[in-house]
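My entries are kept in the order in which I looked.

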Amino acid sequence: MTAEHQRLAVNAAKKIPLEQWGPYLSERQWGTVREDYSSNGDAWGYFPFDHSHSRAYRWGEDGLAGISDFFQNLCFSVALWNGKDPILKERLFGLGNYEGNHGEDVKELYYYLDNIPTHYYMQFLYKYPQNEFPYKDLLLQNKKRTKQDPEYEILDTGIFDKDEYFDVLVTYAKQNSKDILIKIEVTNRNTAVADITVMPTLWFYNRWNYDGLEKKPVISARDKTSVKASHARLGAYYLYFQQANDCLFTENETNTKKVSGTPNISPFVKDAFHDAIINGENIELLRKKKSGTKFSPLYKLHIDGGATKTIFLRLSNKIMENPFATGVSSIFTQRKEEADAFYASVLSHGASPELMQIQRQAIAGLLWSKQYYHFDVERWLTTSDGITPVNPGKINGRNHDWKHLKNQDIIAMPDKWEYPWYAAWDLAFQCISMAIVDPVFAKNQLLLIMREWYMKPDGQIPAYEWNFSDVNPPVQAWAAWQVYQIEKKKSGKGDIVFLKRIFQKLLINFTWWINRKDGNGNNMFEGGFLGLDNIGVFNRSHRLSSDMQLEQADGTSWMGMYALNMMDIALEIAMKDESFEDTATKFFEQFVLIAEALNEQGMWNDEDQFFYDTLSIAGSSPVQLRIYSIVGLTSLFAVSIIQKKSLDKLSDFKKRITWFENYRLKNNRYWPNEERSDGEQMLLSLVPQKKLVQLLAKLLHEAEFLSAGGIRALSKYHEKNPYTITISGVNYTIQYDPGDSTSDLFGGNSNWRGPVWMPINYIIIQAIRKYGEFYGNDLLVECPAGSGNKMNLEEVADELTRRLISLFEKDEEGERSCYGKYNEFYKKPGNETLLLFYEYFHGDSGHGLGASHQTGWTSLVAQLINEQSQKNPVNSDTVSINPLLQFDDEIE
């Protein structure tokens, strides 16, 4: 076992498998639902970026390259000033939903370089301009642009063109779980000398005003190079730092004068450092103050062109005589070597150095995206934030029926800036990648979202804070099964206890779906947008009329997949506990009924050879919405293989399905099973072989779904053939839209009308691979369609995997598809290995779009690389991949 594995084994024995300290600090707390106390639910307008500097948060904290303890009592992050900005850089800047032409978007350059599950080693790189940050330009240019224009990004401003910027590299290395060494390396990337002010900041989350903390915590000066942070719950911690140019104290309290016009009781407010550094206000008062709830040593660095200056700090629960003794910097080297050894053991040895680098940065981003999430809906609804009184609009508004929801946990976020809140189906995908490095935490996350302080009493799983009642695809059972198999393959032993625990909660959720989303009781399911935002020709979450009902091909297909996943889990448990055989039978029969509904109740179109949503209208014939989209391809997802040797061990299950098969075939009823000629395997799938081949003909056609970077969410056929339908005199139209969203549905910041999405591609690949395992060379298809190149389905899965991975790989010119027009910046020395994992990718060019740090589900590329490299190994002795130039560890 590596050193990291040994630490993980210790954590696995805990009730909650967490390190006390980690990257749990959000990157954006403003503009969230949690901080919105308005009467109209306008979260972006109620707490904008301009308030984030001066207004104390109620439900959490944010910062730059920061860490906190797991209850976020005490926080640490880095603040910067280049001498020209109007704002002290304490947090990442981005546009709110109304300000961007494609919704909210962070406008910064930062990278998660490295991390391991226990966070004993972490690296974060931030690129800070030496000239005035283009806040106004980014805001004005994006406001000028239309939905048809691309977003105006920070690299478009020209601020980085002449290399007039700093690389700020923040490295954390733990001596032990409560002793953290911090190294801040600032490199001048220009040739001319440049100045920068660096303020490593320590502060307490304000619980004394809002969260019932009886004794206010305090950070107090000890001497010229250390402070003591005392907290009733956390205990005492000490921040040690090298000799600074100044030491400043203030309080984490709202500047009421700026926020509401009410005079401040004290000059010691949240943004006092900003006013002191930028405007020279009250700096003597902050200097003389020797205690507070927010503290920073201040360093004024004068850095020659190309040079690096380093600041060391140490946050520990121990009193130390000499915290920076000779050799202490070797801890960074040791932890880096341990990280290298850990990744060498968990990543596939068959991958090339470049692919291992992609994997490691993908996983690093996933681990950096762990965040403390605090939200008590009942208290939020019934209390004031001290600015806006409790009001009927809020009490009866968003999430008012989720009063049971009381979250205070560390959760993997989709993106800690763009989506600093959990999303049920995102989390399921994230856990698959997490299982590569920390299966215990992955299992914990899947169980957590179904605990009683999350799941509604009726069984509904919360979607996300903007509307907990929205319905995401039910992928939790699929994810649990994937995580179980990944761990079993690695360790040789499956965690049956985990399967039993999650199966009990999934039963409740499955029942909710059956009772709430099958309105006609015909096994044809609704669900609304189902995570696919603007995939429909109209908003699928809203009924157009009381006499119309949308029966969804994807809702039905997801439920078929859910039933099959539950059957697989029950069968696995039944091998150890025969009492689960009955439940396996129940889900088998449920799957058969859903397969029958999908195939025989009007969703399949023989002419188009595709599945469609169907609009049922009272007094009229159902209308198929003939759109070639992922909606129809979800029918491929539900597929499983039962081995004969397993079936022989489960006599009751075998007896029941044999009777059920005979009965249905005798009565000429639909039957979805297929057996191999040797009788050793039985295939269960929603689509029979004929329809499978027909669907693959479209999926693998480059003029339809297949792009160079994966499967598009909407067929390119609709580029020249938009689909239009008239309902109640209103025309609705959808067409192929490969880039940013041109609609306002669901905020307009995501687009499912043409781009490539990693999670959907991942499920498609896993499904096709499963079909290939059953059919082998007995079923060959053209890939790409029309090319004459025949492949079996496992080879098709390999080809789709290759295309997805290629989004991040360098081509012969050293360019990556995901960077598009910004490749020149990423070809510069020092930037060549930096990677971003975007939310989705352009359907034609493959360049990254949407959230730029979506190492939530886009980190699935790491698992795809594992699968590819195990099948096609590359000889390589390289195990250590350092994504950035090494800097001198010497303490300056």
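The entries below go from the whole chain to single residues.

**Basis.** I am working from a predicted model, in which local features need pLDDT of at least 70 and side-chain atom pairs count only at pLDDT 80 or more, while totals for chains, interfaces and linings use all residues. Residues are numbered from 1 along each chain as its sequence is written, and side-chain values use heavy atoms, with hydrogens and water left out.

**Whole chain.** I find 25 helices and 35 strands, where helices (H or I, at least four residues) and strands (E, at least two) are DSSP runs numbered from the N terminus. The radius of gyration is 28 Å, close to the 29 Å of the globule rule for 892 residues, so the chain is as compact as a globular protein of that length; the radius is taken over C-alpha atoms, and the rule is 2.2 Å times the number of residues to the power 0.38. The C-alpha trace spans about 90 × 60 × 55 Å along its principal axes. Buried residues account for 64% of the 892 (buried is under 20% relative accessible area, exposed over 50%, partly exposed in between, with a 1.4 Å probe and protein chains only).

**Six-stranded sheet.** I traced an open, antiparallel sheet in the order β1-β2-β3-β10-β16-β14, counting two strands as paired if DSSP finds at least two bridges between them. β1 (21-22) and β14 (246-250) are its edges, each with a single partner strand, so one side of each is left without a neighbour in the sheet. Between β2 (residues 67-69) and β3 (residues 74-81) I note two bridges, and I67 stands opposite F76 in β3. The loop between these two strands holds Q72, whose phi is positive, near 50 degrees, although the residue is not glycine; Q72 is buried, at 1% relative accessible area.

Helix α6 (residues 272-279) lies across β3, β10 (194-204), β14 and β16 (294-303), and runs at about 140 degrees to β14. In the loop between α6 and α7 (283-288) I find N282, which also has a positive phi, about 60 degrees, but is partly exposed at 39%.

**Helix pair.** How do the axes of α14 and α15 cross? For α14 (residues 476-491) and α15 (residues 496-516) they come within 11 Å and cross at roughly 180 degrees; axes are lines fitted to C-alpha atoms, for helices over the stretch in contact, with angles from 0 to 180 degrees between N-to-C directions. The two are therefore roughly antiparallel to each other (over 145 degrees; under 35 is roughly parallel, 65 to 115 roughly perpendicular, the rest oblique). The contact (heavy atoms within 4.5 Å) includes W481 and Y484 of α14 and F498 and L499 of α15.

**Other strands.** Strand β25 (residues 639-643) has four of its five residues buried, so it is largely enclosed by the rest of the structure. Five bridges join β25 to β27 (residues 681-685) in the antiparallel sense, with V639 partnered by S685. A separate entry covers the open, antiparallel sheet β20-β23-β24, whose edge strands are β20 (548-551) and β24 (623-625).

**Cis bond.** Last, I looked up the peptide bond between C783 and P784, which is cis with omega about -5 degrees; P784 lies in the loop between β32 (780-782) and β33 (790-792).
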